[in-house]
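This report describes a single protein chain for computational use.

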Amino acid sequence: FLGHPTYALAVVLFSLLLFSGIGSMLVEKVVDPGRPRSFLVPIGVLLGIIVLFRFITEPATDAMAGGTTFERVGTAVALLAPLALAMGMPFAIGMGVASRRAGAPTAFLWGINGAMSVVASVFGALLAMFFGINVTFGAGFVAYAVAALALVLIVRGLVRASQDGAAIAAASPEAAPGDGHEDAEEREPALVGDGEVRPASG
């Protein structure tokens, strides 16, 4: 579509890296840490974009096949931008959730993400070469669907923990003042000037 493999590699890598980075930066504006269910919104949108991308890519590239190089590059960036923007959010959300746990191996998770990024790029190219682009799209959709299912389970755990904490706090309120519980100081005996001990009032 872009006329040369070098153009394709440069445009695809540039678009994915740039817009996925922007997506990671926008996570704090999209999700609310106080509402764990909001974590599910970006990955749900991503799954929808993947399905939409599958159906609009071929008509769009066919329509722009006769355009100039600049027009075809612009079309490729426009197609990849929303997909990459949404793809940048799940990892940032996952790392944010993992960091809530004491002793979470966040450095290990970063390493796994980097390693799998390399493996997945090679695996995706092999799938496209041997089975076609449709199978590759399907594999990508399944991978993100599995990630979405894992996030659903994590969010359910967070919501349950929050509800349990609220129930415990409501069941054990602090003692209100004036309910008969007096300070220890008020119960201690007082010394008068001649050394005689006199019981404190109250």
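Within helix H1, the buried residues are Val 11, Ser 15, Gly 23 and Val 27, where buried denotes under 20% relative accessible area, exposed over 50%, and partly exposed the range in between (1.4 Å probe, protein chains only). The structure is a predicted model, in which local features need pLDDT of at least 70, side-chain atom pairs count only at pLDDT 80 or more, and totals for chains, interfaces and linings use all residues. Residues are numbered from 1 along each chain as its sequence is written, and side-chain values use heavy atoms, with hydrogens and water left out.

H1 covers residues 5-30, and its end C-alpha atoms lie 36 Å apart, which agrees with the 38 Å that its 26 residues should span at 1.5 Å a residue. The expected span is 1.5 Å times one less than the number of residues in the helix. At Ser 24, H1 bends by about 30°; the bend at a residue is the angle between axes fitted to the seven residues ending there and the seven starting there.

In H3, the buried set comprises Arg 72, Thr 75, Ala 76, Leu 79, Leu 80, Ala 81, Leu 83, Ala 84 and Ala 86. An α-helix has 3.6 residues a turn, so residues three or four places apart point the same way. The 19 residues of H3 reach 26 Å from the first C-alpha to the last, close to the 27 Å expected at 1.5 Å a residue. Ala 81 also marks a kink of about 35° in H3, shortly before the proline Pro 82. Thr 69 lies in H3, which runs over residues 69-87, and counts as partly exposed at 35% relative accessibility. The C-alpha atoms of Thr 69 and Gly 3 are 7.8 Å apart, although 66 residues separate the two along the chain.

For the chain as a whole, there are seven helices and two strands, in the order α-α-α-α-α-α-α-β-β along the sequence. Helices (H or I, at least four residues) and strands (E, at least two) are DSSP runs, numbered from the N terminus. Of the 202 residues in the chain, 21% are buried.

Two threonine side chains make polar contacts with backbone oxygens, as tabulated below. A polar contact is a pair of N or O atoms within 3.5 Å; within protein, one must be able to donate a hydrogen and the other to accept it, and residues adjacent in sequence count only if both atoms are side-chain atoms.

| Side chain | Backbone oxygen | Distance |
|---|---|---|
| Thr 57 | Phe 53 | 2.5 Å |
| Thr 136 | Gly 132 | 3.1 Å |

Thr 57 belongs to helix H2 and is buried, with a relative accessible area of 19%. Thr 136 belongs to helix H6 and is likewise buried, with a relative accessible area of 19%.

H2 (40-63) and H6 (133-171) each supply at least two residues of a nonpolar surface patch. The patch consists of Val 51, Leu 52, Phe 55, Ile 56, Phe 141, Val 142 and Val 146, with about 630 Å² of accessible area together. Patch members have over 30% relative accessible area and no salt bridge; like charges are joined within 9 Å, and nonpolar side chains (Val, Leu, Ile, Met, Phe, Trp, Tyr) within 5 Å. A salt bridge is a side-chain nitrogen of Lys or Arg within 4 Å of a carboxyl oxygen of Asp or Glu, and accessible areas come from the Shrake-Rupley method with a 1.4 Å probe, for residues with only the protein chains shown as cover. H2 gives the largest share of the patch, four residues. Val 146, in H6, is exposed, with a relative accessible area of 54%.
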